[in-house]
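Here is a short report on one protein chain. It goes from the overall fold to a few single residues.

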Amino acid sequence: MEGYSFLQVLYADGYYPDAVVDKGREILLGLCERIESERPADLTALYVLTHAATEEFNALEAEFEAAGSEIETVARDEIGGDFLFVARAYGFRDADSEELTATRDW
């Protein structure tokens with residue numbers, strides 16, 4: 001997963017500051033590390049991990065705003081798509097895209 005280009009659309013758009021997007025990438029890489037180390041047995045256990053990562057993105061929203069940006073539709077779709085990519089990459093083909101980030105406030 002280290003070689004995957006997380007948040008590619010955000011990096012390509014100057015509206016999103018790279019320094020903050022980098023933190024989002026680290027959240028996603030951290031999620032991958034947790035999945036690898038904790039090996040969730042089912043979707044319920046996976047959702048616990050993805051909800052925790054979503055809470056980290058919730059906290060990151062203030063940094064986007066301070067930099068004159070925000071997690072809006074484009075960012076929300078890109079982040080959600082990367083959460084779904086992670087779930088599927090680790091074998092959770094039936095993961096619900098909305099449930100993966102159900103605790104989001106963005």
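## Fold and contacts

What share of the contacts in the protein chain with a separation of 6 or more comes from residues 24 or more positions apart? The share is 71%. Contact here means heavy atoms within 4.5 Å.

This is a predicted model: local features need pLDDT of at least 70, side-chain atom pairs count only at pLDDT 80 or more, and totals for chains, interfaces and linings use all residues. Residues are numbered from 1 along each chain as its sequence is written, and side-chain values use heavy atoms, with hydrogens and water left out.

The protein chain has five helices and zero strands. From the N terminus the order is α-α-α-α-α. Helices (H or I, at least four residues) and strands (E, at least two) are DSSP runs, numbered from the N terminus.

## Size and surface

The radius of gyration of the protein chain is 13 Å, which agrees with the value near 13 Å for a compact globule of 106 residues. That radius is taken over C-alpha atoms, and the globule rule is 2.2 Å times the number of residues to the power 0.38. Along the principal axes, the C-alpha atoms fill a box of roughly 40 × 30 × 20 Å.

Of the 106 residues, 40% are buried. Buried means under 20% relative accessible area, exposed over 50%, and partly exposed in between (1.4 Å probe, protein chains only). The protein chain exposes about 5500 Å², and carbon and sulfur atoms supply 47% of it. These areas come from the Shrake-Rupley method with a 1.4 Å probe; for residues, only the protein chains shown count as cover.

## A buried glutamate

Glutamate 78 sits in helix α4 (residues 73–89). It is buried yet has no salt bridge. A salt bridge needs a side-chain nitrogen of Lys or Arg within 4 Å of a carboxyl oxygen of Asp or Glu. The nearest side chain of opposite charge, arginine 25, is 11 Å away. Lys and Arg count as positive, Asp and Glu as negative; His and the chain ends are not counted.

Which residues does glutamate 78 contact, leaving aside its neighbours within four places in sequence? They are Leu7, Gln8, Val9 and Leu10.

Leucine 7 lies in the segment before α1 (8–12). Its phi is positive, about 55 degrees, although it is not a glycine. Leucine 7 counts as buried because its relative accessibility is 1%.

Arginine 39 lies in the loop between α2 (18–38) and α3 (43–66). Its phi is also positive, near 45 degrees, in a residue other than glycine. Arginine 39 has 63% relative accessibility, so it counts as exposed.
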